[in-house]
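Open the model in your viewer and keep the sequence panel beside it. We will go from stop to stop, selecting a few residues each time and looking at what is there.

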Amino acid sequence: MSHKHSRGPHVAPAYTGRLAMAPVPSLRLPDEAMDPAAAYRFIHDELMLDGSSRLNLATFVTTWMDPEAEKLMAETFDKNMIDKDEYPATAAIEARCVSMVADLFHAEDLRDDDPASAVGVSTIGSSEAVMLAGLAMKWRWRQKLERNGEQWKGRTPNLVMGANVQVVWEKFCRYFDVEPRYLPMAEGRYVITTEQVLDAVDEDTIGVVAILGTTYTGELEPVAEICEALDELAQGGGVDVPVHVDAASGGFVVPFIHPDLVWDFRLPRVVSINVSGHKYGLTYPGVGFVVWRNSEHLPEELVFRVNYLGGDMPTFTLNFSRPGNQVVGQYYNFLRLGRAGYTQVMQCLSQTARWLGDELRDSEHFELISDGSAIPVVAFRLKGEPGYTEFDVSQALRAHGWQVPAYTMPEGAEDVVVLRVVVREGFSADLARALKDDIITVLGQLDELKPRGQFDGVQPFAH
């Protein structure tokens with residue numbers, strides 16, 4: 001029996017030839033096309049150098065969703081949100097989401113049979129939502145002066161807010177010619193006070209920003225107290241200033257774990273609210289919402305109408321084309337979870353955050369600034385002078401895979417350095433226990449370095 005001799009097996013390892021030897025094109029388009037599998041491997045392998053998103057405890061942004069949600073979002077990558085005539089189902093879903101958010105925050109004049117009764121829009125995130133809310137307040141300020149027969153040209157509008165606001169508020173003020181009036185913090189106090197607000201407002205104040213879940217510590221600013229103080233000011237003949245609530249982090253938490261806390265449109269002075277769907281709305285980035293109390297607070301001059309996409313379409317956004325899959329993912333969460341589901345998720349996250357906070361406090365190494373009871377965020381600092389800093393702890397934890405940010409506090413408390421852990425869906429109680437154990441391990445390693453003189457003028461880890 002004869003055997004035919006082949007030329008040998010066809011060898012095509014994944015990492016040979018061009019894939020292994022040629023540098024990845026980075027600054028100019030390559031001259032030739034690339035095999036799709038090779039292009040995938042180039043990019044996939046480089047992305048492995050990123051940190052794990054699930055272990056990124058710095059971000060508020062969602063890093064886990066149901067597989068069914070991921071499938072829906074993948075099926076709608078190609079839907080352009082702005083093409084409402086072409087994608088009427090996606091447009092209807094967006095309107096329903098806006099209505100659900102407006103209802104959650106107790107907006108006025110809502111009707112069950114008319115999604116258009118909710119005054120608001122979906123956005124790429126709270127950054128766009130903040131810009132839109134700020135513009136509405138600025139235009140309302142102009143309109144008020146015009147009604148009173150006063151000239152607004154030549155006057156500089158101002159916005160009153162804490163130094164603890166997210167940077168997007170600084171962007172809004174710079175981009176749209178508004179004077180930012182930052183209210184400083186103090187050691188031990190990382191939210192604004194009513195006294196600060198009353199001292200800062202005047203006839204050119206377009207609004208006061210109160211934060212429901214600050215970026216720095218997760219604390220809730222006293223929205224009701226601020227509104228009450230401004231009510232008394234206006235009733236006494238002083239200026240009448242509206243309030244915007246930046247609920248980017250807390251808007252999908254507080255209604256479910258602190259339902260009796262009054263912070264939203266139940267307060268007549270609150271005119272607009274923004275919230276991030278891609279934070280505790282539990283949706284992948286980027287989706288947010290801004291809603292107004294009623295149509296009176298969204299000036300018609302800011303709404304544009306276009307008809308070149310197939311119908312007369314009102315639009316009030318900074319972005320025009322954007323994918324519809326994030327709104328689809330948000331709608332999935334709203335249907336999938338409902339009020340009961342969101343309550344259960346937020347209670348679980350809060351319980352995990354409070355457990356971690358208690359463990360860190362009991363370790364006697366840390367002073368807690370926020371314990372996870374407001375929203376599921378734990379902020380803490382080292383006690384005393386252990387010979388190393390919060391930056392060293394943050395850097396050392398990276399060796400264990402954890403990304404725990406260390407940063408200085410805003411104006412008025414710049415000498416305070418804190419560490420912060422954001423507890424999100426997907427950060428289980430088991431992971432919390434592992435993090436606590438790794439923190440204790442890291443502190444032991446840093447303590448061992450001190451007797452050997454490792455801290456004599458040089459920090460052991462780069463900041």
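This is a predicted model: local features need pLDDT of at least 70, side-chain atom pairs count only at pLDDT 80 or more; totals for chains, interfaces and linings use all residues.

**Stop 1**

D109 is exposed, with a relative accessible area of 56%. Look at its backbone too: phi is positive, about 60°, although D109 is not a glycine.

H106 belongs to the loop that runs between helix 4 (88–104) and strand 1 (120–123). Its phi is near 65°, a positive value in a residue other than glycine. Is H106 buried, partly exposed or exposed? With 38% relative accessibility, H106 counts as partly exposed, since that class covers the range between 20% and 50%.

**Stop 2: a cis peptide bond**

Next, select P285 and G286 and show the backbone atoms. The peptide bond joining P285 and G286 is cis, with omega at about 0°. To place the spot in the fold, colour by secondary structure: G286 is in the loop between strand 6 (270–276) and strand 7 (288–292).

**Stop 3: helix 3 against helix 10**

Two packed helices are described by the angle between their axes and the distance between the axes. Select residues 67–75, which form helix 3, and residues 325–362, which form helix 10. The two pack at an angle of about 150°, and their axes are 8 Å apart. Helix 3 and helix 10 are therefore roughly antiparallel to each other, because angles over 145 degrees fall in that class. The crossing of helix 3 with helix 10 is right-handed.

Which residues make the meeting? Show side chains for E68, A69, L72 and M73 on helix 3, and for N325, Q326, V328, G329 and Y332 on helix 10. Sorted by class, this contact has five nonpolar residues, three polar and one charged.

The side chains of D66 and Y332 make a polar contact of 2.9 Å. Leaving aside residues up to four places away in sequence, D66 touches Y332 and R336. D66 has 15% relative accessibility and so counts as buried, the limit for that class being under 20%.

**Stop 4: helix 11 against helix 12**

Move on to helix 11 (residues 390–398) and helix 12 (residues 429–449). Their axes come within 10 Å and cross at roughly 115°. This crossing of helix 11 and helix 12 is right-handed. On helix 11, pick D392, V393, A396 and L397; on helix 12, pick D438, I439, V442, L443 and L446, and you have the contact. The residues of this contact divide into seven nonpolar, no polar and two charged.

**Stop 5**

Finish with F427, in the loop between strand 13 (417–422) and helix 12. Is F427 buried or exposed? At 5% relative accessibility, F427 counts as buried. Which residues does F427 touch, not counting those up to four places away in sequence? Select L57, T352, W402, A432 and L435 to see them.

Definitions and conventions:
Residues are numbered from 1 along each chain as its sequence is written. Side-chain values use heavy atoms; hydrogens and water are left out. Axes are lines fitted to C-alpha atoms, for helices over the stretch in contact, and angles run from 0 to 180 degrees between N-to-C directions. Helices (H or I, at least four residues) and strands (E, at least two) are DSSP runs, numbered from the N terminus. A crossing is left-handed if the near helix is turned anticlockwise from the far one by less than a right angle, and right-handed if clockwise. Contact means heavy atoms within 4.5 Å. Ala, Val, Leu, Ile, Met, Phe, Trp, Tyr, Cys and Pro count as nonpolar, Asp, Glu, Lys and Arg as charged, and the others, Gly among them, as polar. Angles under 35 degrees count as roughly parallel, over 145 as roughly antiparallel, 65 to 115 as roughly perpendicular and the rest as oblique. Buried means under 20% relative accessible area, exposed over 50%, partly exposed in between (1.4 Å probe, protein chains only). A polar contact is a pair of N or O atoms within 3.5 Å; within protein, one must be able to donate a hydrogen and the other to accept it, and residues adjacent in sequence count only if both atoms are side-chain atoms.
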